[in-house]
Amino acid sequence: MATNNGEMLMLEAPPSQPWRSSSSAEIIDALPYIDDDYANPAVKAEVDRLVEEEMRRSLKKPSDFLKDLPPLPKLRFQDHPMLAREYERVRAGKPPVPLDMSRYGLEAPTVNKRHDETAWKQALQKAQRLLQHQVLRLENLDLMAKHGPDVWKQYNQRLEAFLSRLQAMALEQNEKIETVNRERKYHQNSAFELNALSAQWKELCLKNIEIQDACAKIENNLAELKREAAERGWNTEVNLENGAMIQ
C-alpha cells in the first residue's frame, strides 16, 4: 500500500471485458466439452435454468435463430411439365394409373378375328418383337456374365477411393472442430480467471479501505496523546541521535 499526500492509493480497476461489447450483435454459443455431467439431475436442472434465463434475456426468438443463414434454394418441381399431370392426380386424390402389361403378353386373335389376316399379321409381329426382346436379354446376360465382375470391381474401387476422400475430409473437419472447441474452452477458462481476478481486486480494495480506516484511527489517537502531553507540559520531540527526551 502506498500514500500520496496523505491519500490512499488503490489498485487500478481491471480492464473492460471484451466479450461485453456495446455492439448490438448477439452471439449464441454452446460448450459441448462440459456436457459430460448433463446426466446429473442437479446439473441438468441448472443448465435448463441457464438456458431459460438466456432465452428470456435474448433479443432473438427461437424461430429467429436461423435467420442469419442463407435462404434455401427454391425448387419448382410443381411447374415441371412431366410432373404436372401427376401432381394434379395427387391433388384430386385419384389412385395411380396401373402399368399396361398387355404389350408383354402373347395372345392369339380373338374368336371373332380368327379368320382376319390383318389380326394374325399383328399377332405375328408382336411375337417377333417379344422374341427379339428375349434375344437381347440373353445377350445382355451373356455380356454381364463375362464383363460384370470386372465392372463391379472397378465400381467398388471407385467407391473405396471416394470413401477414403470422405474419411480424410471428415478427419480434417473433426480436427478443426477440436481446435475450435479447445480455443473456446481456453477463452471460457480465461473468463473464469478474469472473474476470479476481479473478485480478488475487489477484496484488496476493501482491505485497503479497512487499512485506511485503521490508519485514520491511529492518527486520531496520536493527536489525542499529543494534546494530553501538551496540557501536561511534556516535550514530545525526540532526539533521534541519543534517544533522549529534550526537556
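View 1. The structure holds 1 aromatic pair by the rule used here, in which rings of Phe, Tyr and Trp (its six-membered ring) pair if their centres lie within 6.5 Å, with planes under 30 degrees apart counted as stacked, over 60 as edge-to-face and the rest as tilted. The ring centres of W152 and Y155 are 5.7 Å apart and their planes stand at 85°, so this pair is edge-to-face. This is a predicted model: local features need pLDDT of at least 70, side-chain atom pairs count only at pLDDT 80 or more, and totals for chains, interfaces and linings use all residues. Residues are numbered from 1 along each chain as its sequence is written, and side-chain values use heavy atoms, with hydrogens and water left out. W152 and Y155 are 3 residues apart in helix α3 (residues 117–231), which puts about one helical turn between them; helices (H or I, at least four residues) and strands (E, at least two) are DSSP runs, numbered from the N terminus. An α-helix has 3.6 residues a turn, so residues three or four places apart point the same way. W152 is exposed, at 54% relative accessible area, and Y155 is partly exposed, at 37%. Here buried means under 20% relative accessible area, exposed over 50%, and partly exposed in between (1.4 Å probe, protein chains only).

View 2. K44 pairs with D48, and their closest N and O atoms are 3.0 Å apart. These two residues, K44 and D48, sit 4 residues apart in helix α1 (residues 41–57), about one helical turn. Both partners are partly exposed, K44 with a relative accessible area of 37% and D48 with 27%. Further along, R49 forms a salt bridge with E53, with 3.3 Å between the closest N and O atoms. R49 and E53 are also 4 residues apart in helix α1, about one helical turn. R49 is partly exposed at 40%, as is E53 at 26%. R49 and E53 also belong to a network of salt bridges that links E46, R49, E53, E54 and R57.

View 3. Back in helix α3, E178 and R182 lie 4 residues apart, about one turn of the helix. Their side chains meet in a salt bridge, 3.4 Å from N to O. E178 is partly exposed, with a relative accessible area of 39%, whereas R182 is exposed at 59%.

View 4. Helix α2 (residues 81–92) has 12 residues and reaches 17 Å from its first C-alpha to its last. That is close to the 16 Å expected at 1.5 Å a residue, where the expected span is 1.5 Å times one less than the number of residues. G93 follows α2 and has a positive phi, near 75°. L75, F77, M82 and L83 form a nonpolar patch on the surface, with about 450 Å² of accessible area together. Patches are made of residues with over 30% relative accessible area and no salt bridge, with like charges joined within 9 Å and nonpolar side chains (Val, Leu, Ile, Met, Phe, Trp, Tyr) within 5 Å. Accessible areas come from the Shrake-Rupley method with a 1.4 Å probe, and for residues only the protein chains shown count as cover. F77 lies in the loop between α1 and α2 and is partly exposed at 48% relative accessibility.

Key
Salt bridge = Lys/Arg side-chain N within 4 Å of Asp/Glu carboxyl O.
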